[in-house]
Amino acid sequence: VAGVKAEDDHLIREQIAYYEARAPEFDQMLVRKRRYEYDGLDPVSPDRDTRELAIAEAALGRLLPAGDVLELACGSGSLTKRLARSARLVTGVDASPAMLALCRERVEAENVRLIESDIFAWGPDHRYDLVAFSFWLSHVPRDLFDPFWSIVEQSLAVRGCVFFIDEIEGDGLEGYEQTTGDDRGTTIRHLEDGRQYTMVKVYYQPAEIERRLGALGWTVRVTPASRIYYAVAARSDRVELA
Ligand SMILES: C[S@@+](CC[C@H](N)C(=O)[O-])C[C@H]1O[C@@H](n2cnc3c(N)ncnc32)[C@H](O)[C@@H]1O
């Protein structure tokens with residue numbers, strides 16, 4: 001991958017391999033948590049995951065994602081399905097064929113096209129009205145934060161905006177992940193069959209995202225919703241966030 005250091009390249013490949021192997025487990029987890037379904041989420045549900053996502057979904061609804069939408073790391077398609085309801089076209093990019101196969105199964109809408117690619121090796125073919133990603137920024141190696149946001153910038157139409165959702169903290173599952181404490185954010189995770197992978201998981205606090213994106217020329221509003229946050233961002237020189 002051009003411009004990506006060899007050790008990052010290795011990490012990116014291992015993380016993709018992790019998701020490729022984890023795809024069925026990942027999807028079962030989403031179904032268990034009802035995270036695959038952004039429709040009809042009850043904002044006062046007794047289930048915390050549902051409440052959190054209901055808040056994020058309502059914010060996404062206010063953005064009216066009607067035009068040409070790009071979803072990075074679309075995975076098995078829970079957000080893709082929601083975006084396809086109102087967008088003219090959704091382009092989903094993900095590096096894992098197994099995740100994309102699940103996405104195709106889940107999202108039958110005709111206004112969705114899927115691209116299999118490593119995001120760090122990908123470039124947009126045109127500019128999009130909305131760029132969205134969920135549970136992805138936390139998987140970007142810390143030292144690729146700025147290059148990642150430059151890909152987002154290149155993908156965004158002049159008056160476009162970015163919507164993203166991620167975790168503020170882990171779900172506390174004992175032994176599920178062991179952070180190595182290095183400065184790229186690498187973590188060790190195991191699959192149910194015991195296979196072990198090194199991947200990236202960085203739990204950003206809202207203030208850190210605002211500071212880092214501000215320094216890169218973005219205006220961003222990050223709203224915490226319990227254990228997750230959602231955020232809306234736009235280029236500071238182009239758009240004022242409503
Ligand atoms: C935590 S999942 C999130 C999936 C989906 N956005 C969701 O909210 O359910 C992370 C996704 O990132 C994808 N991924 C990991 N590294 C990638 C890379 N370098 N380029 C593209 N996709 C990548 C994985 O295949 C996986 O589908």
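A nitrogen atom of the ligand lies 2.9 Å from a polar backbone atom of Ile-119, a polar contact in the sense of a pair of N or O atoms within 3.5 Å. The model is a predicted one, in which local features need pLDDT of at least 70 and side-chain atom pairs count only at pLDDT 80 or more, while totals for chains, interfaces and linings use all residues. Residues are numbered from 1 along each chain as its sequence is written, and side-chain values use heavy atoms, with hydrogens and water left out.

**The ligand and its surroundings**

The ligand is surrounded by 21 residues, the closest being Ala-73, Asp-94, Asp-118, Ile-119 and Ser-134; a residue is near a molecule if one of its heavy atoms lies within 4 Å of it.

| Residue | Protein atom | Ligand atom | Distance |
|---|---|---|---|
| Asp-118 | polar side-chain atom | nitrogen | 2.9 Å |
| Ile-119 | polar backbone atom | nitrogen | 2.9 Å |
| Ser-134 | N or O atom in the side chain | oxygen | 2.5 Å |

Taken alone, the ligand exposes 600 Å², of which the protein buries 98%; accessible areas come from the Shrake-Rupley method with a 1.4 Å probe.

Helices (H or I, at least four residues) and strands (E, at least two) are DSSP runs numbered from the N terminus, and two strands pair if DSSP finds at least two bridges between them.

Strands β4 (residues 128–134) and β5 (residues 156–167) run parallel and are joined by six bridges.

Contact here means heavy atoms within 4.5 Å; axes are lines fitted to C-alpha atoms, for helices over the stretch in contact, and angles run from 0 to 180 degrees between N-to-C directions.

Another open sheet has three strands in the order β6-β7-β8, with antiparallel pairing. Its edge strands are β6 (177–179) and β8 (196–200), each of which pairs on one side only. Neighbouring strands are turned by 30° against each other on average, direction ignored.

Three bridges pair β6 with β7 (residues 186–190), and Glu-177 stands opposite Arg-189 in β7. Helix α1 (residues 6–33) packs on the sheet, touching β7 and β8, and makes about 120° with the direction of β8.

Five bridges pair β7 with β8; in one of these strands, β8, Gln-196 is the bridge partner of His-190. The β7–β8 hairpin has five residues between the strands, and Gly-194 takes a positive phi near 95° there.

**Charged pairs**

How many salt bridges does a search of the whole structure find? The search finds 20, a salt bridge being a side-chain nitrogen of Lys or Arg within 4 Å of a carboxyl oxygen of Asp or Glu. One is formed by Glu-52 and Arg-48, with the closest N and O atoms 3.8 Å apart. Because these two residues are four residues apart in helix α2 (residues 48–63), Glu-52 and Arg-48 are separated by about one helical turn.

Key
Polar contact = N/O pair within 3.5 Å; in protein donor to acceptor, adjacent residues only side chain to side chain.
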